[in-house]
Amino acid sequence: MAEDLLSKIVSLAKRRGFVFPGSEIYGGLSGTWDFGPVGTELKNNIKNAWWKMFVQERNDMYGLDSAILMNAKVWKASGHVEGFVDPMVDCRSCKSRFRADHLKEGKYGEVKIIEGKQACPICGKTELTGARKFNMMFKTFIGPMEETASEIYLRPENAQGMFVDFKSVLDTMHPKLPFGIAQAGRAFRNEITPGDFIFRVREFDLMELEYFINPKDWNKLFEAWVLEIAKWLNFLGLDSKKIYYREIPDGERAHYSKRTVDVEYQFPFGKKELCAIAYRTDYDLKQHQEYSGKDLTYFDEKTGNRFIPHVLEPTFGLDRALLAVLTEAYTEKGERVYLRIPAKLAPYKAAVFPLLANKPGLVKLARKIYDDLRKDFMIAWDDRGNIGKRYYAQDEIGTPYCITIDFDSLKKKDVTIRDRDTMKQKRVKIKELKTTIDNILFE
Ligand code: GAP
């Protein structure tokens with residue numbers, strides 16, 4: 001049933017222009033997906049709302065857009081060359097490859113033990129290798145020489161950009177602790193087994209905050225950030241009953257973390273990490289100070305102390321946020337399928353339809369309304385088929401309002417607005433359309 005929900009979402013996402021398989025006409029590329037015209041709007045809306053909430057509306061946050069390609073020493077200092085590894089198991093017989101922890105959990109199918117050995121879930125033979133460490137960073141070369149000296153990595157997290165530019169932000173913006181640096185952008189991980197649609201992919205968008213603090217405040221500020229995360233998830237329209245806060249025990253945390261809370265969401269394929277918060281201590285800045293030889297301390301004018309700040313890191317996967325929004329929004333009622341996406345996030349805020357496509361007077365007025373509204377909102381246009389079909393299509397992409405221009409509109413200067421969730425219709429004056437749409441965005 002739940003898996004069934006995932007296939008319905010995947011199919012709708014493809015059919016309606018949210019998400020397409022990556023490199024599809026060449027048979028695809030595993031672990032990659034493309035966001036179509038509708039999905040790109042949704043993704044941008046989530047990203048922009050995140051930026052607004054965590055950067056624009058705060059006075060202790062500074063934005064950054066650092067390069068994806070970084071000096072290879074960054075990843076040595078950060079510990080990723082050594083520590084960013086997953087255990088991998090191969091089947092000698094059928095050559096399938098698995099993530100060891102997922103294999104044990106039965107993620108690839110029923111766990112079968114034959115004569116004390118786990119069988120390959122694909123071919124059933126007991127010829128699995130032992131677990132070997134596999135570094136998940138993608139390697140490439142900078143410049144024309146494909147040699148070890150020119151090897152660099154595609155960033156697996158955005159965080160290091162904020163640490164490497166910490167001094168530049170201090171020197172240019174003169175922030176006082178506590179303050180944060182925020183960045184949203186691409187990250188790359190050579191996942192052993194990508195899957196569950198856009199949940200585990202090899203190229204994704206991360207929205208990360210590095211919040212620099214005095215270590216004495218870490219506990220209190222950690223709790224405050226957990227509440228900020230809850231606010232964000234509420235903004236996304238996610239049901240708080242489907243959200244779980246999981247304290248990550250010693251031994252399971254990333255190499256840099258003293259405390260981590262994973263925030264899990266009830267996806268169709270189970271309760272899985274949506275976002276997280278970690279207390280990275282002064283690990284990263286200390287490492288970069290040592291490896292770069294540059295002073296990365298902060299001077300506290302009040303106390304006269306100079307020290308390396310500690311860091312709290314709330315981190316959000318944009319693709320997972322989008323999948324959670326789609327999961328939460330997907331609604332079936334009788335014959336109807338619609339996405340109850342919060343209006344602020346909806347790809348299109350309204351769709352404009354001329355009742356009949358072959359009546360120039362109607363089309364002309366509808367076009368004028370469409371062009372006027374488009375100056376302020378993303379607006380869809382549809383003049384194909386009958387009105388019922390057009391409603392159906394807009395429902396499936398979560399458009400809150402459909403606006404139909406009919407013959408009365410020409411005389412009375414009003415239109416029919418139909419609400420996505422209630423399907424109720426009302427007449428609204430053309431000159432009040434903008435305010436009507438504005439109102440749902442500020443609800
Ligand atoms: N800087 C900390 C960090 O990168 P992480 O838990 O490894 O922490 C952060 O990743 C977030 O990135 C996760 O909470 C998740 O939302 C997202 N994420 C991680 N791996 C992903 C993948 N392969 N595909 C899509 N999103 C992923």
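Modeller: The buried residues of helix α12 are I387, R390, Y391, A393, Q394, D395 and E396. This is a predicted model. The helix runs through residues 387-396. Seven of its 10 residues are buried, so α12 counts as mostly covered. Charged side chains are on that list too, including R390, D395 and E396. An α-helix has 3.6 residues a turn, so residues three or four places apart point the same way.

Now look at the ends of α12. N386 caps the N-terminal end. One of the side-chain oxygens of N386 lies 3.1 Å from the backbone nitrogen of G388. Just after the helix comes G398, with a positive phi of about 80 degrees.

Next, the ligand. The space it takes is the largest pocket. The shell around the ligand has 18 residues. E157, R189, E191, E208 and E273 come nearest. By type, the shell holds nine charged, seven nonpolar and two polar residues.

E191 places a polar side-chain atom 2.8 Å from a ligand nitrogen. F199 uses its backbone: a polar atom there is 3.2 Å from a nitrogen of the ligand. The ligand has 550 Å² of accessible area on its own, and the protein covers 91% of that.

Strands supply part of the shell. β12 (203-213), β15 (270-281) and β18 (310-317) each give at least two residues. β15 gives the most, with four residues.

Follow the chain back from β15 and you reach F269. This residue lies in the loop between β14 (259-267) and β15. Is F269 buried or exposed? F269 is buried, because its relative accessible area of 12% is under the 20% cut-off. F269 and D4 are 265 residues apart in sequence, yet their C-alpha atoms are 9.4 Å apart in space.

To recap, α12 is mostly covered, and N386 caps its N-terminal end. The ligand takes up the space of the largest pocket, and β15 is the strand that gives the most to its shell.

Key. Residues numbered from 1 in each chain as written. Predicted model: local features only at pLDDT ≥ 70, side-chain atom pairs only at ≥ 80, totals over all residues. Heavy atoms only, no water. Near = heavy atom within 4 Å. Polar contact = N/O pair within 3.5 Å; in protein donor to acceptor, adjacent residues only side chain to side chain. Areas by Shrake-Rupley, 256 points an atom, 1.4 Å probe, with all protein chains shown as cover. 1 Å grid on protein atoms, 1.4 Å probe; cavity = no way out; pocket = protein on both sides within 12 Å on 5 of 7 lines; lining within 4 Å. Sits in = over half its atoms within 2 Å of the grid points. Buried < 20%, exposed > 50% of the residue type's maximum accessible area, 1.4 Å probe, protein only.
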